[in-house]
Amino acid sequence: MSDDPGSLANLRDLVLPPDIPFWPPAPGLWIVAATCLAMLAVPAWRAVQRYRAAAYRRAAIAELETISAGIEQNDPDAVARISAVIKRVAMVEYGRDKIASLSGPAWADFVAHEAGTGFDPATIHRLLTEAFDGRTKPDPSELRLLIGHAELWVRAHRTPTVAEA
């Protein structure tokens, strides 16, 4: 070292602070992470609840697929079984007190009236009415059509809200 205060020999390197460690994170990061987790948890919880609430629809569709597989064996009760599946779904949607008493033409009227977009209410009504009067037996192509409409009804049907009614 020289006695001259302006000499470059008297310079020292800068002392840098130690590197910031990765762990543990700052408290603010914990708050942001908890908030993000809560924001993801709420929609996930609602999705699980909707999935569980729609279990009856998945069961009904599986039963309709089973009925569809048995059409070729000329099942005489196919229309009654299809109607029973639709009725169980309707009971969940509308309540037992409104649906359980419906049968025959009144049931066919209800199903046709409550059919939404993508349905052919006249076909549903005709097939259900003909099946209930017992005079004619639908052929397999009509049963497939009825099963297709029933699956659409089960998948898409929702009870009208108070504002819509």
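Which side chains meet in a salt bridge at 2.4 Å, N to O? I looked this up and found Arg88 and Glu63, where a salt bridge is a side-chain nitrogen of Lys or Arg within 4 Å of a carboxyl oxygen of Asp or Glu. The pair links distant parts of the chain, with Arg88 in helix H3 and Glu63 in helix H2, 25 residues apart; helices are DSSP runs of H or I, at least four residues, numbered from the N terminus.

I note that this is a predicted model, in which local features need pLDDT of at least 70 and side-chain atom pairs count only at pLDDT 80 or more, while totals for chains, interfaces and linings use all residues. Residues are numbered from 1 along each chain as its sequence is written, and side-chain values use heavy atoms, with hydrogens and water left out.

I then checked accessibility, taking buried as under 20% relative accessible area, exposed as over 50% and partly exposed as in between (1.4 Å probe, protein chains only). Arg88 is partly exposed at 40%, and Glu63 is partly exposed at 30%.

I next looked up Glu93 and Arg57, whose side chains meet in a salt bridge at 2.5 Å, N to O; Glu93 lies in helix H3 and Arg57 in helix H2, 36 residues apart, and both are buried.

Last, I turned to Glu151 in helix H7, which is buried yet has no salt bridge, the nearest side chain of opposite charge being Arg155, 4.4 Å away. Not counting residues up to four places away in sequence, Glu151 touches Ile61, Leu64 and Glu65, with contact meaning heavy atoms within 4.5 Å.

Methods: Helix = DSSP H or I, 4+ residues; strand = E, 2+ residues; numbered from the N terminus. Lys, Arg positive; Asp, Glu negative; His and termini not counted.
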